[in-house]
Amino acid sequence: MTTPTIIELATNVGQALQRKGWLLATAESCTGGGIAQAITEIAGSTGWFDCGFVTYSNASKTEMLDVSAALMAQLGSVSEEVAAAMANGALAGSNAHVAVSVTGIAGPTGAVPGKPVGTVCFGWSDGNQVHTERLVFPGDRQAVREQTVIHALRGLLRFID
């Protein structure tokens with residue numbers, strides 16, 4: 001079995017969203033808009049993609065997504081709780097029905113105790129429920145970011161279907 005490409009995954013996400021009549025929002029840190037880029041590679045994505053937030057700094061997470069500065073101070077910006085808050089903030093700040101968020105350490109620097117390079121936290125929310133995950137991906141910065149986009153899209157497919 002071959003691994004689907006990012007474009008194939010984004011296409012599948014779009015089809016799933018269209019079946020439900022839903023719009024998507026993204027909230028990205030470590031991927032710098034990579035999920036939104038994959039989504040907008042698909043012709044017609046305007047029918048199911050509302051907007052994307054690239055909130056790289058902690059201040060932008062607070063200002064744009066209403067993530068609590070105290071939460072980030074307590075747990076760090078790379079935590080499942082912050083990923084959940086980012087996804088919920090993206091929903092609140094958009095017309096979307098579902099949101100995906102990512103926050104992580106793509107490297108090569110930035111590791112802290114308990115959070116090595118490659119640590120990424122994900123959030124998926126529809127306003128009623130939030131699912132989060134924490135994974136550690138191998139590889140260099142590009143590999144971590146690519147694996148993050150793939151996992152975010154795969155998670156969206158599971159979350160919305």
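Student: Leaving aside neighbours within four places in sequence, which residues is Thr26 in contact with?

Tutor: A word on the source first: this is a predicted model. Contact here is a matter of heavy atoms within 4.5 Å. By that rule Thr26 touches Ile35, Ala36, Phe49, Cys51, Gly52, Phe53, Ala90 and Val100, once neighbours within four places in sequence are set aside. Thr26 sits in strand 1.

Student: Is Thr26 buried or exposed?

Tutor: The cut-off for buried is under 20% relative accessible area. Thr26 has 0%, so Thr26 is buried.

Student: Which residues of helix 6 are buried?

Tutor: The general idea comes from the helix repeat: with 3.6 residues a turn in an α-helix, residues three or four places apart point the same way. In helix 6 the buried residues include Val149, Leu153, Leu156, Leu157 and Ile160. Val144, Thr148 and Phe159 are also among them.

Student: What covers the buried residues of helix 6?

Tutor: The cover includes two helices, helix 1 (6-20) and helix 2 (34-40). It also includes strand 1 (24-28), strand 3 (98-104), strand 4 (119-125) and strand 5 (130-136).

Student: What does Val13 touch, not counting residues up to four places away in sequence?

Tutor: Val13 touches Ile39 and Trp48, and also Leu153, Leu156, Leu157 and Ile160.

Student: Next, charged pairs. How many salt bridges does the structure hold?

Tutor: Side chains of opposite charge can pair when their charged atoms come close. This structure holds two salt bridges. One joins Arg19 and Asp161, with the closest N and O atoms 3.6 Å apart. Arg19 lies in helix 1 and Asp161 in the segment after helix 6, so the pair ties together parts 142 residues apart in sequence. Arg19 is exposed, at 59% relative accessible area, and Asp161 is exposed at 58%.

Student: At what N to O distance do Glu133 and Arg158 meet?

Tutor: Their side chains form a salt bridge at 3.7 Å. Glu133 is in strand 5 and Arg158 in helix 6, 25 residues apart, and the pair links distant parts of the chain. Glu133 is buried, with a relative accessible area of 19%, whereas Arg158 is exposed at 51%.

Student: How should I read ring pairs? How many aromatic pairs are there?

Tutor: Take the distance between ring centres, then the angle between planes. The count comes to two aromatic pairs. The ring centres of Phe122 and Trp124 are 5.6 Å apart and the planes are at 5°, so this pair is stacked. For Phe122 and Phe137 the centres are 6.2 Å apart and the planes at 90°, so that pair is edge-to-face. Phe122 lies in strand 4 and Phe137 in the loop between strand 5 and helix 6, so the pair ties together parts 15 residues apart in sequence.

Student: Which residues form the aromatic cluster?

Tutor: Phe122, Trp124 and Phe137 form one cluster. Phe122 and Phe137 are both buried, and Trp124 is buried at 1% relative accessible area.

Student: Where is Cys121 found?

Tutor: Cys121 is in strand 4, and is buried with a relative accessible area of 0%. Leaving aside neighbours within four places in sequence, Cys121 has contacts that include Val78, Ser101, Thr103 and Glu133.

Technical notes: Residues numbered from 1 in each chain as written. Predicted model: local features only at pLDDT ≥ 70, side-chain atom pairs only at ≥ 80, totals over all residues. Heavy atoms only, no water. Buried < 20%, exposed > 50% of the residue type's maximum accessible area, 1.4 Å probe, protein only. Helix = DSSP H or I, 4+ residues; strand = E, 2+ residues; numbered from the N terminus. Salt bridge = Lys/Arg side-chain N within 4 Å of Asp/Glu carboxyl O. Phe/Tyr/Trp six-rings, centres within 6.5 Å; stacked < 30°, edge-to-face > 60°.
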